[in-house]
Amino acid sequence: MSLPPERPWPERPWTDPTDDAIVRAADSVLTASDEVPAELVRAIGDCTVRIAWIPGTATVEDEKLAFLLEYWRGLGAGQKGGLPLASQVDGIDLVPALGNIMLLDVERDGFDARYRLYGTKVADKAGRDWTGWLVSEMNRVTRTPAALLYRAGYLAVCRRLMPLFTEHNSPPWTSAEAWRRLILPLADDEGRCMRLLVGNVDVGHRLLTAEQIEEQQRRLRPD
């Protein structure tokens with residue numbers, strides 16, 4: 001018995017998140033003190049699996065994300081409110097997780113962000129290095145169903161200044177089955193979030209068919 005063909009992704013027509021949609025989704029995340037309720041998670045996108053704040057001394061299970069969380073907390077130990085300065089981050093200290101790290105400069109007060117660094121391991125799985133691109137620009141090229149999750153998550157972290165964990169399923173034209181992400185805020189000298197340190201770890205692996213590789217190349221080819 002042959003298996004049915006894989007459903008196209010996304011199943012729904014793709015829409016570019018508006019500022020109002022980003023605010024509504026971020027506000028729903030901000031209503032939670034830790035785990036975001038499942039119904040709010042699903043409302044952000046069908047591909048979204050989990051969203052959770054990481055308060056106090058709570059940790060995450062993934063080894064690389066746990067390392068980043070402890071590194072971030074260590075930097076913030078001597079800062080007001082425990083929030084590290086962006087200027088404190090040293091790439092040499094991040095070697096254990098370097099390929100899975102993204103650094104983003106905050107744009108438009110958190111409504112967008114620009115990739116300052118896009119980890120090599122993330123790029124290998126995603127199919128392209130997005131260094132220098134805005135998140136909104138990357139979303140429009142890939143038409144990813146996780147667009148609202150990305151934008152709302154970054155805005156929520158900029159506003160609460162607390163670590164946020166997310167997990168979402170990947171579209172079939174990427175070789176990772178899912179992604180676990182930890183978003184960490186970094187401040188300027190006035191205590192405002194100016195940069196985001198993001199750990200992005202792939203979950204599972206899929207072999208792409210010739211059709212999926214063709215679809216990936218079509219979506220990701222440079223303009």
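Me: How many cavities of 30 Å³ or more are there?
Reply: The count comes to 2 cavities of that size. Keep in mind that this is a predicted model.

Me: What's the volume of the second largest cavity?
Reply: The second largest cavity holds about 30 Å³ of space.

Me: And which residues line the second largest cavity?
Reply: Its lining is made of Val29, Ile44, Ile51, Leu149, Ala152, Gly153, Leu164 and Thr166. H6 and E4 are the elements that give two or more residues to that lining. The largest share comes from H6, with 3 residues.

Me: OK, H6 then. Is H6 mostly covered or mostly uncovered?
Reply: Mostly covered: 12 of the 14 residues in H6 are buried. Among them are Leu149, Ala152 and Gly153, and those three also line the second largest cavity.

Me: What span should helix H6 have, and what do its end C-alpha atoms give?
Reply: Helix H6 runs over residues 147-160, and at 1.5 Å a residue it should span 20 Å. Its end C-alpha atoms are 20 Å apart, so the two values agree.

Me: What follows H6?
Reply: Leucine 161 follows H6, and its phi is positive, near 60 degrees.

Me: Where else does a residue other than glycine have a positive phi?
Reply: Arginine 143 is one of those, with phi near 55 degrees. Arginine 143 is in the loop between helix H5 (135-142) and H6, and it counts as partly exposed because its relative accessibility is 40%. Arginine 108 also has a positive phi, near 50 degrees. That one is in the loop between strand E2 (101-107) and strand E3 (112-118). Arginine 108 counts as partly exposed too, at 44% relative accessibility.

Me: Switching to cysteines. How many disulfides does a search of the whole structure find?
Reply: The search finds 0 disulfides.

Me: Is cysteine 158 buried or exposed?
Reply: Cysteine 158 counts as buried, because its relative accessibility is 14%. Cysteine 47 is buried as well, at 2% relative accessibility. The cut-off for buried is under 20%.

Me: Now aromatics. How many aromatic pairs are there?
Reply: The count comes to 3 aromatic pairs. One of them is phenylalanine 67 with tyrosine 71, which is stacked, at 6.4 Å centre to centre with 20 degrees between the planes.

Me: Where do phenylalanine 67 and tyrosine 71 sit along helix H3?
Reply: They are 4 residues apart in helix H3 (residues 63-76), so about one helical turn separates them. In general, an α-helix has 3.6 residues a turn, so residues three or four places apart point the same way. As for cover, phenylalanine 67 is partly exposed at 25% relative accessibility, while tyrosine 71 is buried at 12%.

Me: What about tyrosine 115 and tyrosine 118?
Reply: Tyrosine 115 and tyrosine 118 make an edge-to-face pair, 5.1 Å centre to centre and with 90 degrees between the planes. Both of those tyrosines are buried.

Me: Which arginine lies over the face of tryptophan 53?
Reply: That's arginine 160, at 4.6 Å from the ring centre. Arginine 128 does likewise with tryptophan 130, at 4.3 Å from the ring centre.

Me: Which residues line the second largest pocket?
Reply: The lining includes Trp53, along with Arg50, Glu61, Asp62, Phe165, Glu167 and Arg180. Strand E1 (48-53) and strand E4 (164-169) each supply at least two residues of that lining. The volume of this pocket is about 200 Å³.

Me: Last one, the overall picture. How many helices and strands does the protein chain have?
Reply: The chain has 7 helices and 6 strands. Along the sequence they follow the pattern α-α-β-α-β-β-α-α-α-β-β-β-α. Buried residues make up 51% of the 223 residues in the chain.

Key: Residues numbered from 1 in each chain as written. Predicted model: local features only at pLDDT ≥ 70, side-chain atom pairs only at ≥ 80, totals over all residues. Heavy atoms only, no water. Disulfide = S-S within 2.5 Å. Buried < 20%, exposed > 50% of the residue type's maximum accessible area, 1.4 Å probe, protein only. Expected span 1.5 Å × (residues − 1). Phe/Tyr/Trp six-rings, centres within 6.5 Å; stacked < 30°, edge-to-face > 60°. Lys NZ or Arg CZ within 6 Å of the ring centre and 35° of its normal. 1 Å grid on protein atoms, 1.4 Å probe; cavity = no way out; pocket = protein on both sides within 12 Å on 5 of 7 lines; lining within 4 Å. Points joined across faces, edges and corners; volume = space filled by probe spheres on them.
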